[in-house]
Amino acid sequence: MKELVIRTSCDSGIDDIELYKGLEQSIGHLAGKLKKILLLPPDITRYHSGAGKITAMYYKMLKDTCTIDIMPALGTHELMSCEECTVFFGSEVPFERIIPHNWRTDVVKLGEVPGEYVSDVSEGLVCDPVDVEVNRLLMDSTYDLIISIGQVVPHEVVGMANYSKNIFVGCGGSSMINSSHMLGAFYGMERIMGRDNSPVRKVFDYAEEHFIKDIPLMYVLTVTSQVQGKTAIHGLFAGRNRSLFEKAVKLSQEKNLTFVDKPLKKVVVYLDGQEFKSTWIGNKAIYRTRMAMADGGELIILAPGVKKFGEDDENDRLIRKYGYVGRVRVLELVKNNKDISCNLSVAAHLIHGSSDGRFSITYAVEKLTRDEVGGG
């Protein structure tokens, strides 16, 4: 599969005309061979990735000659409404082409990453094998091409988001989601954030190499930033090889990491109400600031759209039950409580969502009560 790399030094990013031409070029070598395509964009919680626009462009250029299915890589997130799909993809992408992914029921197991390998990459912190599960549509041989679309950006679990994470978590099942999140939490966010070769990424690399290398998959990766309130796409990377992801990682490290001269004593983060409706997503305000926060500092999160904790009912219940009580306490809870030991992605989330007493965290919300926030 051919590779496409477009970078721009222009502050405003790649314009729509160049972006459309680049996307045409990414599939140009397959002209006349494509009859049925599966697009795997993120959901609206990745609104600023440029992926909604890219999905709409692919749909426009292929709709007259191909059957196009679109399955947002939801992971554990809730389904998008028709209105949210219109906001994210635009009005020209029909809502009836959107296929939901259910991480609990819609997956097939392809194999497992051996426990010995997991132990090796995690320095012995985790020794259990990891099931490799993906949505069954990815194994549907009637698709001529599967296009995974998303943004490479610093991430608390894997180090740098996207590439095969979009497949094994975004379109994956509960076992991989739980195992990968807990592996990242055990290893430590501070050793992962903004880096490529984390233990979790190595698990994804193993799964990519051993279980899905033969499916007709192409990655379309973006690197973006906000310029005067608008999303600027600084790089577009299309192809299959890992080297493409590595190029995107380097650009993201330039564009999306901010280094400070000294720890920050007080930080205010605003969460766009359209994107952030739960602390499951909104705690990115914590993940992306905690390495810069001073001990004894204060983080204030303005979250007008946050109305719950988990993205699904069971995760929400567990977060309300146990709360963001710090790494040591969460590990004790996992040992002694079956409900959370069977939902390790929630345990990892509770670890990530705590400052472990280093600094205070205040959520300012409109749609949760003081008691609910205090209890969580």
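Ile-340 touches Tyr-322, Leu-333, Val-334, Ala-347 and Leu-350, leaving out residues up to four places away in sequence. The model is predicted. Ile-340 lies in helix α13, residues 338-341. Its relative accessibility is 0%, so Ile-340 counts as buried. From Ile-340 to Glu-18 the separation is 322 residues in sequence and 48 Å in space, C-alpha to C-alpha. One of the residues that Ile-340 touches, Ala-347, also takes part in the contact of α14 with α6.

**Helix α6 against α14**

- Helix α6 spans residues 174-187 and helix α14 spans residues 344-352; their axes come within 7 Å and cross at roughly 30°.
- That angle makes α6 roughly parallel to α14, because angles under 35 degrees count as such.
- The crossing of α6 and α14 is left-handed.
- On the α6 side, the contact is made by Ile-177, Asn-178, His-181, Met-182, Gly-184 and Ala-185.
- On the α14 side, it is made by Leu-344, Ser-345, Ala-347, Ala-348, Ile-351 and His-352.
- The residues of this contact of α6 with α14 divide into seven nonpolar, five polar and no charged.

**Helix α6 against α7**

- The axes of α6 and helix α7 (residues 199-211) come within 8 Å and cross at roughly 145°.
- From α6, the residues in this contact are Met-176, Ser-180, Leu-183, Gly-184 and Tyr-187.
- They meet Pro-199, Val-200, Val-203 and Phe-204 of α7.
- The contact of α6 with α7 has seven nonpolar residues, two polar and no charged.

**Helix α1 against α2**

- Helix α1 (residues 16-28) and helix α2 (residues 51-62) have axes that come within 10 Å and cross at roughly 60°.
- That makes α1 oblique to α2.
- α1 and α2 cross in a right-handed sense.
- α1 contributes Asp-16, Leu-19, Tyr-20, Leu-23, Glu-24, Ser-26 and Ile-27 to the contact.
- α2 contributes Lys-53, Ile-54, Met-57, Tyr-58, Lys-60, Met-61 and Leu-62.
- By class, the residues of the contact of α1 with α2 are nine nonpolar, one polar and four charged.

**Two residues of helix α8**

- Leu-244 sits in helix α8, residues 242-255.
- Leu-244 has a relative accessible area of 1%, so it is buried.
- Beyond residues up to four places away in sequence, Leu-244 touches Glu-3, Leu-4, Val-5, Tyr-219, Phe-237, Ala-238 and Gly-239.
- Leu-244 and His-181 are 63 residues apart in sequence and 24 Å apart in space, C-alpha to C-alpha.
- Is Arg-242 buried or exposed? Its relative accessibility is 18%, so Arg-242 counts as buried, the cut-off being under 20%.
- Arg-242 is in contact with Tyr-163, Asp-196, Asn-197, Arg-201 and Asp-205, leaving aside its neighbours within four places in sequence.

- Most residues other than glycine have a negative phi.
- Tyr-163, one of the contacts of Arg-242, has a positive phi near 60°.
- Tyr-163 is placed in the loop between β8 (159-160) and α5 (165-168).
- With 4% relative accessibility, Tyr-163 counts as buried.
- Asp-356 has a positive phi of about 55°, although it is not a glycine.
- Asp-356 is found in the loop between α14 and β13 (360-365).
- Asp-356 has a relative accessible area of 40%, so it is partly exposed.

**Cysteines**

- How many disulfides does the count come to? The count comes to zero disulfides.
- Cys-342 is in no disulfide, and the nearest cysteine sulfur, that of Cys-127, is 19 Å away.
- Cys-342 has a relative accessible area of 46%, so it is partly exposed.
- Cys-10 counts as partly exposed at 37% relative accessibility.

Terms used. Residues numbered from 1 in each chain as written. Predicted model: local features only at pLDDT ≥ 70, side-chain atom pairs only at ≥ 80, totals over all residues. Heavy atoms only, no water. Axes fitted to C-alpha atoms, helices over the stretch in contact; angles between N-to-C directions. Helix = DSSP H or I, 4+ residues; strand = E, 2+ residues; numbered from the N terminus. Parallel < 35°, antiparallel > 145°, perpendicular 65-115°, else oblique. Left-handed = near helix turned anticlockwise from the far one by under 90°. Contact = heavy atoms within 4.5 Å. Nonpolar A, V, L, I, M, F, W, Y, C, P; charged D, E, K, R; others polar. Disulfide = S-S within 2.5 Å. Buried < 20%, exposed > 50% of the residue type's maximum accessible area, 1.4 Å probe, protein only.
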